[in-house]
Structure formats: C-alpha cells, structure tokens
Amino acid sequence: MGDTLTILGIESSCDDTAAAVVRGVPGAARILSSVVYGQAELHADYGGVVPEIAARAHAERVDTCAKEALLQADLALSDMDAIAVTAGPGLIGGVLSGVMCAKGLAAGAGKPLIGVNHLAGHALTPRLTDGIAYPYLMLLVSGGHCQFLLTRGHGDFSRLGGTIDDAPGEAFDKTARLLGLPQPGGPAVQAAAAHGNPTRFRFPRPLLDRPGCDLSFSGLKTALLRARDAIVADKGGLTRQDRADLCAAFQAAVVDVLAEKTARALALYLAEDPPVPVLAVAGGVAANTAIRARLETLAAGHATRFLAPPLALCTDNAAMIAYAGLERFAHGEQDDMTLAARPRWPLDANQPALLGSGKKGAKA
C-alpha cells in the first residue's frame, strides 16, 4: 500500500462527462488534471436532465474527455497504473458509456480496470482533499442522493439515514421550475433567496416530528407550489420579490431539516468516540452557502471539525472517481471485463435500498 499510484478516472453517471488523473497513496494524493464537460445547454429547454440526450452526449465525449485529461497531466495511457470508472448508480445509459470506454482503454493498454461506486467517490472526497483519517461522518447531499454515511473505510459505509423521496438537489430544481427560474435550480434559488424574506412564508419541516435520520423533501415542494398558486390567484402573477421570498423560505426549511437530521446523525457518530471527529459534506448541494454555514456552526458546537470540499469537487467530477479507484487498487481490489453498469448500487449493503427515483437518477 506504500507504492505511489497514478489512476485515470472516468465519470458519466448523470449530465457531466468527466475524466481526471490522480496520483498518490491512500490519504495523500493530488489531482494532476480534471476535465468536466457539462451538458446544461443540451437540457435547458426540457426543465431537467433527459436521460437519452445525456447518454448520447456521454458516448460522443467520453473518449475525448479522457484524452484531454491525459494531455493536461502530461502523461500517456501507458503511465497509468489502472483505470477507474463510475459503474453506478446513475442514469444507466450514461454509466454504460463510461464503463465501455474504460473497458476499451484498459483492454487496449493492458491496464487493470476498477469499478467505482459514484457515491463512494463523493464520500471519499475529503480523503483526497484533506487526507483525513477514518472514521468520519459524511453527509452526501446532491441532485439524486441524500444520506448520512458513517465512513469507516474505503469500502465500509454505514447508512444512518437518507431521503425517502426527493433529494434536496431535485427539490431545488423543481422549485426553480415552479418559479420560472433557470436550471440548475440550486444556484438560481440560492441567488434569489439572498434578496428574500425567509419568514414571509412558513413551510413545513418534514419528518422532524419523527425519530431517526431519514429525510423527506417532496412535501416541502408541494407547500411551495400551493403558496405560489395562492399568490397568483390573489395578484395575477408573481413579482420578483415574491419569488425571492418563496426561495428564501424554501431554502430556510431545507437548512433547518438538514441541520436537525445532521445533529441526530452526529450524535450517533460521536457515540462511537472517534479519535478525531470530522463532519464532512459533499455533493452538489454542498455548494449552498447557507447549508454550509449552518452545518459548520453545528459541528463547532460539538467540538467536531467541519470539512467541505472545494466547490469544483462538490459537483460530479472524475477526480473523486480516480481517487476512490486508487484506494481500492491500493488494497488489492480490481475488476475484470465482466464489470457491469448498475442503475442502483447502495453503499451499505446491510440496509434496504432507499425508495424512489427522480430526474437525477435512481437513489441507492
């Protein structure tokens, strides 16, 4: 496990085609290159990600993306120790595009192939960016997923709770569509909320009256829809201030729910007496400044280090896939050409799969 490894990573689970090169050892690695081709313009007219369009774009771009990552790293495919690729969960057409490309590269170059769980990539990002030690508590919060993971090792995750319906990122996207704001919804709603009054509307805080760490955001979206319709019925339309106030109230409700559920998960984690307590957050919604600020305050109140990756590593990227592959490979793990693309792939096999599937893909 002491040998320095150089890994090419490929990611194509949703609407970002990405490739990256990472070099190092578990807990001490650096990113040599990271390339991400977004698809926002391809899906802009549809109000969300269209799986067929996403899959075709991945198939057209993934090999070019990998080539560019190697060029930026000033390395050749022959310099790689292994090729890591997202094998799930996600939109199956996109995942399949990445897996097939990685298989071709591995077979052509005679390199080992490593299938990576997309969620593990997010969950291990703090190891890549800050080299933190196990165990730590991870809040994975994105467009398609939301769950609390007690991370004890590169393949050892215990899910303490998760969303039973919409993920927060999906709820942000739906809120933006309901209010006529652009996609992706997270940045648009956050920008509008900055000019709004969060107390004008009192939206529900789902599941706070129930024990445990599970979350729900579907009812929150419905409450916003009803508030919007009431304004439209009364005034004939929405003003800019109406939109800002609705966004501010919606975001405040999401922050309150995540903070309370995180506090419960943190209590379970701290009960195991970790040597150096760490609360980490990753995924696209981790870029939301209001959520980050609230969680940072929560962690400080429990003498726990708060860690959020750079914004570029919050959203889908291949550096996290390359690093997760590095950890697997360093522990003697790899796959063969039977590696399959998987739409669902829970990190904690001892827990039942979370129900539901949204625009951003199947939950796990």
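I started with phenylalanine 201, which is buried, with a relative accessible area of 15%. For my own reference, buried means under 20% relative accessible area, exposed over 50%, and partly exposed in between, with a 1.4 Å probe and protein chains only.

Before going on, I noted that this is a predicted model, where local features need pLDDT of at least 70, side-chain atom pairs count only at pLDDT 80 or more, and totals for chains, interfaces and linings use all residues. Residues are numbered from 1 along each chain as its sequence is written, and side-chain values use heavy atoms, leaving out hydrogens and water.

**Entry: aromatic rings**

How many aromatic pairs does a search of the whole structure find? I got three. Rings of Phe, Tyr and Trp (its six-membered ring) pair if their centres lie within 6.5 Å; planes under 30 degrees apart count as stacked, over 60 as edge-to-face and the rest as tilted.

Phenylalanine 172 is buried at 2% relative accessible area.

Next I looked at phenylalanine 201 and phenylalanine 203: their ring centres are 6.1 Å apart and their planes at 5°, so this pair is stacked. Phenylalanine 203 is buried too, at 4%.

**Entry: around phenylalanine 250**

Is phenylalanine 250 buried or exposed? Its relative accessibility is 0%, so I wrote down buried. Leaving out residues up to four places away in sequence, phenylalanine 250 touches Ala171, Phe172, Thr175, Val189, Phe203, Leu220 and Leu224; contact means heavy atoms within 4.5 Å. I also checked alanine 263, which is 13 residues from phenylalanine 250 in sequence and 20 Å from it in space, C-alpha to C-alpha.

**Entry: helices H2 and H3**

Helix H2 (residues 51–73) and H3 pack at about 30°, with axes 8 Å apart. The axes are lines fitted to C-alpha atoms, for helices over the stretch in contact, and angles run from 0 to 180 degrees between N-to-C directions.

Which residues make the contact? From H2 I listed Ala55, His58, Ala59, Val62, Asp63 and Ala66, and from H3 Gly93, Gly94, Ser97, Gly98, Cys101 and Leu105. By class, the contact has six nonpolar, five polar and one charged residues.

I found a cis peptide bond joining glycine 88 and proline 89, with omega about -15°. Proline 89 is in the loop between strand E4 (82–88) and helix H3 (92–109). Another cis bond joins tyrosine 134 and proline 135, with omega about -5°. Proline 135 is in the loop between helix H4 (118–130) and strand E6 (136–141).

Aspartate 273 has a positive phi, near 55°. Its place is the loop between helix H8 (240–270) and strand E9 (278–282), and it is exposed at 65% relative accessibility. Alanine 303 has a positive phi of about 55° although it is not a glycine.

Key: Helices (H or I, at least four residues) and strands (E, at least two) are DSSP runs, numbered from the N terminus. Ala, Val, Leu, Ile, Met, Phe, Trp, Tyr, Cys and Pro count as nonpolar, Asp, Glu, Lys and Arg as charged, and the others, Gly among them, as polar.
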